[in-house]
Amino acid sequence: MNMFIHELKAYRKSTIIWTCSLITLVVLFLSMFPAFSKEAATFKEIMKGFPEPIRKAMGLSVDSISSILGFYSYMFLYTTLCGAIQAMNLGTSIISKESRAKTADFLLTKPVTRTKIMTAKLMAALTCLVITNVAYLIASSFMVSFVSTKNYSYKIFFMISITLFFIQLMFLALGILISVIVPKIKSVLPISLGTVFTFFIVGMFAATTNDDVMRYITPFKYFDPNYILKNSSYEVSFIIIAILFIITAITTSYFVYSKKDIHAV
């Protein structure tokens, strides 16, 4: 039994739906840019009337919002929210579904180690996310080029866009870790939505208070589009912590899954 192919088929519909949703979101937002750019000066004045903490919480930057990359950075905050839900939902369900569907006894009696099971499921989840990100990058690249009236740096655009995948990797690792630690998950959606929105709210709060310590708590603030826009680089400390978190979470998941008792039917 090829578990990798089986998992890809099982999550094919979900991957298509999430991919189409992200593409629809970026097309919808960027299609508003031509009209927005004509009234950019008026909109800037309106934005200045908002308290600075509110602007930061919403990801609005008065200085850059009139450019295509500044506008894209603003809408990208909500793209990452949707992408994080996809990854968290995928990570939480792909391991725990055997217990929920009562097929764990069938799977674990096959001549295959738990390490191979975990690896096959992890590779399938990664493949789903890669497919989503490739499709999203193609669609967003086309839309940015289509609506932009001035030259822009594709390097910066790519650097911002690829952080969607980085954030998804963190939530995927977290979801897998939760799925192997929690004894029995009856429903994946409440855990996924609750976790993602909690981190999102923490990120908004960190933005309003300028609390750099709180930024380390939420993956949504590890890759700040406005920082990338200004510096054409990532913040090294957050890159290191993200990598360490992903490695630690996945390693712990392998260890716990190989040792835990999994109830049969």
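**Helix 13.** I looked up the buried residues of helix 13 and found Phe238, Ala242, Ala249, Ile250, Ser253 and Tyr257. Buried means under 20% relative accessible area, exposed over 50%, partly exposed in between (1.4 Å probe, protein chains only). Helices are DSSP runs of H or I with at least four residues, strands are runs of E with at least two, and both are numbered from the N terminus. I then checked the length of helix 13 (residues 236-259). Its 24 residues should span 34 Å at 1.5 Å a residue, and the end C-alpha atoms are 35 Å apart, which agrees. The expected span is 1.5 Å times one less than the number of residues.

**Ground rules.** I noted that this is a predicted model, where local features need pLDDT of at least 70 and side-chain atom pairs count only at pLDDT 80 or more, while totals for chains, interfaces and linings use all residues. Residues are numbered from 1 along each chain as its sequence is written, and side-chain values use heavy atoms, with hydrogens and water left out.

**Whole chain.** I counted 13 helices and 0 strands. Of the 265 residues, 47% are buried.

**Helix 2.** Which residues of helix 2 are buried? I listed Thr15, Thr19, Leu22, Leu25, Val26, Phe29 and Leu30. They lie on the same side of helix 2, because they cover an arc of only 125° around the axis. The arc is taken from the directions from the helix axis to the C-beta atoms. An α-helix has 3.6 residues a turn, so residues three or four places apart point the same way. On the face turned away from the buried side of helix 2, I found the exposed residues Lys13 and Leu28.

**Core.** I turned to the largest nonpolar core, which has 42 residues. Such a core is a set of buried Ala, Val, Leu, Ile, Met, Phe, Trp, Tyr and Cys residues joined through side-chain atoms within 4.5 Å. Among the residues with the most contacts inside it are Leu90, Phe171 and Phe220. Which helix gives the most to this core? Helix 9 does, with 12 residues.

**Serine 232.** I found serine 232 in the loop between helix 12 (225-231) and helix 13. Its phi is near 55°, a positive value in a residue other than glycine. Serine 232 is partly exposed, with a relative accessible area of 30%.

**Isoleucine 138.** Is isoleucine 138 buried or exposed? It counts as exposed, at 57% relative accessibility. I placed isoleucine 138 in helix 8 (residues 114-147).
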